[in-house]
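Please keep the sequence and the coordinates at hand.

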Amino acid sequence: MEKLIEILEGLNPEVDYKTCEDLVDGRHLDSLTILALISEIEENFDVMIPTVEIIPDNFNSAKKIWKLIERLEDDN
Amino acid sequence: MSYFSLKYLIIFLLTIVVVYIFTPKKLRNLLLLLASYALFIKVSKKLVVFLLLSTLSIYFSALLMNKLDLKRNKEIEKVSKEEKKIIKEKYKSKKRIILILTILFNVAFLFYFKYLNFFKEIINIIFSSDLKILKIIAPMGISFYTLRALSYVIDVYNEKEEAERNIIKIMLYLSFFPIILEGPIASYADVKNEFDKKSSVTYHNFCFGCQRILYGLFKKLVIADRLNQFVKIIFKSYMNYSGSTIFLGAIFYTILLYMEFSGTMDVVNGSAEIFGIKLPENFRQPFFSKNISEFWSRWHITLGLWFKNYIFYPVSLSKPVKKLSTFLRNKVSVRFSSLTMGAIALFAVWTLNGLWHGAGFTYMLFGYYHFILILLGNIFEPLIIKTCDKLKISRNTKIYKFLQIIKTSILVFIGELIFRAKNLTVAFGMLKRIFLNFNITNTNFSIGLDIKDYIVLVFALIIVLVISILKEKNMNVREELSKKHIVIRWIIYYALIIGIIIFGAYGPGYAPVEPIYADF
């Protein structure tokens, strides 16, 4: 989780990722940042994020992104 | 057909509402389906065959893919991890064939009806050939229902959506009369539960639906049709006017387009609301956007979401683009890599977005204009942030945000000018005059509009602006209105009805705006 927060802060340092629950809905993460985030996640956690998983509900908070990573790791 | 016509509102919609009230709950969807097909056949006659073929193709391919999913799940129950992977891959490729065939089948119709002539035109230009341009009439709403059809079948392929067994619901999803002509391009997930409710026409639903329809009529008849007087002359004979007058024409056209399209959506959503069906919204105060990207997340929202879900992410995360992005990330930087991924996907999105709006070079230019603006916005965003920080300019002040809104609006006006222009020569001619012949003191306001028109326009626009500001502040205007005393409510309704009757720009001397998006 710490690694994920570090990645997120690298992409947009202006957000408190421990509390923010509307990363996508609040436009803290735009489409381009999500692309960069996906690349970083795939590189650092050795998972592949299919396009079908790119929905606001999976990316609205650091916790939810972490859950997605864990789920994809399990699937692998 | 127009949703603003008395034929639709008084004869068609009202008749369906009355019949619906007396229809048993289990037959309500069937009634809506029959009404939708009746309307479709009335407008497009035997072309209904194509709507049926599209419906059947997605219905059966979704069922087939679902069957394969179940078979796969059974097979992978008691096998090793390695075997699981092989089995999954085997079924995925089978499903992929079904998906590709279904997409091709549906896109082929769209291509024939919308793009064949444009394609021939291009071939004629390139090879100086003489391919015959045919007179083709497309089935009503083909651009809208095809996108809905594709979204359903792709969602089933991705197992995001279960295949629907009830064919009436799928038929209704593609043909539902309020959405057939101009959207919204709802996903199946957006509407399936709404169709399941088979709600009654309650007093609340009826009042809310009618309020919404009235507001749409107000935007269209009082504002859009009035502005059309000015707009049609400017775009027809722009060479007779100064750059500032042409720019005013571009502003008026943008307002006209917004009032016409969002007004149509009010009638569409209002019509559905009468039956207790809530459709997704297509507009969220677009003129409060601070950049073009944001504008497109507030304007024609369902089309933007469709392109985001089915073009932007699949293209940017496709194998070749990912390979390129890994290479760039290692050799250059993460930012450059994501910018490139985004640029490739944006190019695809805006090429298709331009073409979706129409088979013509002005639409393509309209698409690429937005592609360039969004790309430049993405590239220069960090630089702007840095410059503001250095100059100690706060980006959170009201004045900064206001200037951003003005900048975005000007860019939108130029984009819509390209969109409306008859051809590229006209578009460039108008732009040239705006940039080279701009003289604010030489602006002609009196083209097709007199002082009374301007007074009506100012009052009407203030009403729309106040409602937009309240909505932007997350106030549910209609809910708030419903809490007011019945006398106040009815005064407002009557004011709106009388306002439309007295100030609506119809009758001799006025030419109503044709349904713009219905042609796409």
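At what angle do the axes of helix α9 (residues 203-236) of chain B and helix α18 (residues 451-472) of chain B cross? In this predicted model, the two axes cross at roughly 130° and come within 10 Å. Angles over 145 degrees count as roughly antiparallel and those from 65 to 115 as roughly perpendicular; α9(B) and α18(B) are therefore oblique to each other. Their crossing is left-handed. On the side of α9(B), the contact is made by Lys219(B), Val222(B), Ile223(B) and Arg226(B). On the side of α18(B), Asp453(B), Val456(B), Leu457(B), Ala460(B), Leu461(B) and Val464(B) take part. Sorted by class, the residues of this contact are seven nonpolar and three charged, with no polar ones.

Two packed helices are described by the angle between their axes and the distance between the axes. For helix α3 (residues 48-75) of chain B and helix α6 (residues 167-175) of chain B, the angle is about 130° and the axes are 10 Å apart. That angle makes α3(B) oblique to α6(B). The crossing of α3(B) with α6(B) is right-handed. Here α3(B) contributes Leu51(B), Ser54(B), Thr55(B), Ile58(B) and Tyr59(B), while α6(B) contributes Ile167(B), Ile170(B), Met171(B), Leu174(B) and Ser175(B). The contact of α3(B) with α6(B) holds seven nonpolar and three polar residues, and no charged residues.

The next level up is the division of chain B into domains. Its domain assignment gives domain 1 as residues 28-198 and domain 2 as 199-283 + 446-520. Between the C-alpha centres of domain 1 and domain 2 of chain B the distance is 32 Å. Where they touch, 13 residues of domain 1 of chain B are in contact with 17 residues of domain 2 of chain B. Which elements give two or more residues to the domain 1 side of chain B that touches domain 2? They are α7 (177-180) and α8 (188-197) of chain B. The largest share, three residues, comes from α8(B). This side of domain 1 of chain B is made up of six nonpolar, two polar and five charged residues.

Taken as a whole, chain B has 20 helices and zero strands. Its radius of gyration is 25 Å, close to the 24 Å that the globule rule gives for 520 residues, so chain B is as compact as a globular protein of that length. Along the principal axes, the C-alpha atoms of chain B fill a box of roughly 80 × 70 × 60 Å.

Chain A has four helices and zero strands, and along the sequence its pattern reads α-α-α-α. The radius of gyration of chain A is 11 Å, close to the 11 Å from the globule rule for 76 residues, so chain A is as compact as a globular protein of that length. The C-alpha trace of chain A spans about 35 × 25 × 20 Å along its principal axes.

The last step is the contact of the two chains. How many residues does the contact take from chain A, and how many from chain B? Eleven residues come from chain A and 19 residues from chain B. The side of chain A that touches chain B divides into six nonpolar, three polar and two charged residues.

Methods
Residues numbered from 1 in each chain as written. Chains lettered and ligands numbered in written order. Predicted model: local features only at pLDDT ≥ 70, side-chain atom pairs only at ≥ 80, totals over all residues. Axes fitted to C-alpha atoms, helices over the stretch in contact; angles between N-to-C directions. Parallel < 35°, antiparallel > 145°, perpendicular 65-115°, else oblique. Left-handed = near helix turned anticlockwise from the far one by under 90°. Contact = placed C-beta atoms within 7 Å. Nonpolar A, V, L, I, M, F, W, Y, C, P; charged D, E, K, R; others polar. Domains from an automatic or database assignment. Rg over C-alpha atoms; globule rule 2.2 N^0.38 Å.
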